[in-house]
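Opening my notebook on this one. I want to jot down what I looked up, entry by entry.

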Amino acid sequence: MNFLLEKQLNLLDYALASLWRRKLKNLGIMSVFAGVICLVASFQFLTASLTATAQDLLAEAPEIVVQQMSAGRQEALPLSYLSSLEELNGVRTVAPRIWGYYFSEISGANYTVLAVDPSVMPKGDRLFQAVEGQLPSGPGEAVLGSGVAADLKLAGRRSFSLFRPDLTLKPMQMVGVFKPDTDLLTADLIYTTPDAARDLFAIPADHCTDLCVYVANPREIGTIAKKISVILPGTRVLTRPQISQTYRVVFGWRSGFASICLLSALAAFVILAWDKASGLSAEEKREIAILKVLGWQTGDILLLRCWESLIAAGLAWLLGCTAAYLHVFWLGGALFKPVMLGWSVIHPQLRLLPVVSTADLLLIFTMSVVPYLAATVIPAWRAAITPPDAAIR
Amino acid sequence: MADSVDMIVLDSVSKIYNRGRLNEVTALHEVSLAVASGSMVCLRGASGSGKSTLLSIIGCVIPPSSGRAIIAGKPLSRLPDRFLTIHRRSHIGFIFQQFNVLPELTVLDNVTLPLLPLGVGPAERRRRGGELLAGLGIDHRASFPAGQISGGELQRVAIARALINDPPIILADEPTAHLDSKLSREFMATMAELKRGGKTIVIASHDSLVTDSPDLDRIINVKDGRIDVS
């Protein structure tokens, strides 16, 4: 066998035996390290999964949403805009929508109220496919997100009431609920008919809050959005890529913030490892000195320490990432979901899509294993370049 | 002063520790000596006399601060650590006062430690280590952890380890300090046998069982870092 390969195998064999000799100490370090890696990896996986889940759910959302703006705030827009949008080349269909928020003073939760006529929506919209029960059609009928249904404490009842702006009660009837796998977008949602929503928010009958524009060719989204801005000045034109980007930014920001906190923990661990390794025990120093006297080069000792650290840190990385996978995709990221999804009263209970990229794994490896290697190998190098005569007498 | 058959030649060798600092110590003062190939000599002196430092320089563990050291034909004075190590592992076998075995490793693993960075495979390591242990009569202890065997057996493990690379020079630092008189005689008998096999042996000791050995070719007295010729 090749000399260099045989030498590496010998050093690897010795490193494994060496780790086993100090198994209690090494197991302790590996457990703490795996725990820290698990926390960092959980955030990374959770961010990737939430972004992927949101992108998946947004895949069939309207390509363009038009809203009326006045003094920098959104207000209802007239349905008369509809015809001018439908005339634009490349527009498949335009659906008026009412989208608003209802604050429940009883629970302190904010519900999202959405109303759109299914007959004018393109076939196959996943919002309608995600309904268990019926779609709302009669007066006051609504489909509720799981969070709203729980928050209203209906307990088997189907009827409930919401307050209009003038504090009169608007009677409603639950005719269905959204499936749990759409929770990220529907947990706080009340989906009802346009007439019911107008009644609830006191919006005039010939107005809506926004217009959903569906485009035939996705490549023309940007061009059509620009045209809409020109023909309807004073409106805000949002494209689906912009909304997707917003989700990415929101999750990315939260993940970044949390990662900074966790990286501090990782840094603390590496400093601890450095401190521990730089204060090599007398036994470890003696072993290095013996190996040196017996003809081991400084490089051989560094290679040995590299193997030891790589095995310990690599195992910790493997354990940490596996634990993070189980935590995020089996336990739903229970520890961190509140941070990533916000601290709202109504919490999405979605099942996360398992998304783990090689880049994420490599990033975690680089952030954790490499600093640990440096923290343990450099002190060993310092011990190895010290003349060994004193230590072996 | 160097002879063509001298295995070890030191010429005005000095060793100064912590040079230029407040705690500067001169361990050796211009020591000159030569040891012929195939001979057995003893460095005799009290603790702190400089024997171990002299042995460390001969063993290529530390370079001299000044002077010339030629070990197995190679001048070492200016060699960097990397080349000192290469020369050491191919030419020097060490036997330490404390034996310096790793107690958690087996006897065989201790003996074959010097072979690991040389890329010698496990089968060959077992063969060479086994032969040496059998020659020293402790092959039955090969798989025992070194921490569980007796002092005499440890000494033989240390000898086997020193011989594993078949070096021409054997250095022993106070090798009988932890042995009773019977084991000390056995140790000297083993050294005498190695000498007859052509090894050059340098023993640092102040044990009379060593210094009185008839197998010694020469005794070099070391006192206060100098060769004492009185």
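First a term for my notes: buried means under 20% relative accessible area, exposed over 50%, and partly exposed in between (1.4 Å probe, protein chains only). This is a predicted model, where local features need pLDDT of at least 70 and side-chain atom pairs count only at pLDDT 80 or more, while totals for chains, interfaces and linings use all residues. Residues are numbered from 1 along each chain as its sequence is written, chains are lettered from A and ligands numbered from 1 in the order in which they are written, and side-chain values use heavy atoms, with hydrogens and water left out.

**Entry: B:R68 and B:D11**

I looked up a salt bridge (a side-chain nitrogen of Lys or Arg within 4 Å of a carboxyl oxygen of Asp or Glu) and found B:R68 paired with B:D11 at 3.7 Å, N to O. B:R68 sits in strand 4 and B:D11 in strand 1 of chain B, 57 residues apart; strands here are DSSP runs of E, at least two residues, and helices are runs of H or I, at least four, numbered from the N terminus. B:R68 is partly exposed at 39% relative accessible area, and B:D11 is partly exposed too, at 26%.

**Entry: B:K199 and B:D166**

This salt bridge comes out at 2.5 Å, N to O. B:K199 lies in the loop between helix 6 and strand 8, and B:D166 in the loop between helix 5 and strand 7, so the pair ties together parts 33 residues apart in sequence. I noted B:K199 as buried, at 11%, but B:D166 as exposed, at 56%.

**Entry: A:D300**

Which residues does A:D300 pair with? In chain A I found A:K7, with the closest N and O atoms 2.8 Å apart. That one links helix 1 to helix 11, 293 residues apart, and both A:K7 and A:D300 are buried. A:D300 also forms a salt bridge with B:R89 in the other chain, at 3.8 Å.

**Entry: the interface**

I count three salt bridges between chain A and chain B. Contact (heavy atoms within 4.5 Å) takes 25 residues from chain A and 32 residues from chain B. I also noted a salt-bridge network of A:R21, A:R22, A:E287 and B:E104.

**Entry: B:T112**

Buried or exposed? B:T112 is buried, at 3% relative accessible area. I placed B:T112 in the loop between helix 3 and helix 4 of chain B. Leaving aside neighbours within four places in sequence, B:T112 is in contact with B:R125, B:G129 and B:I164.
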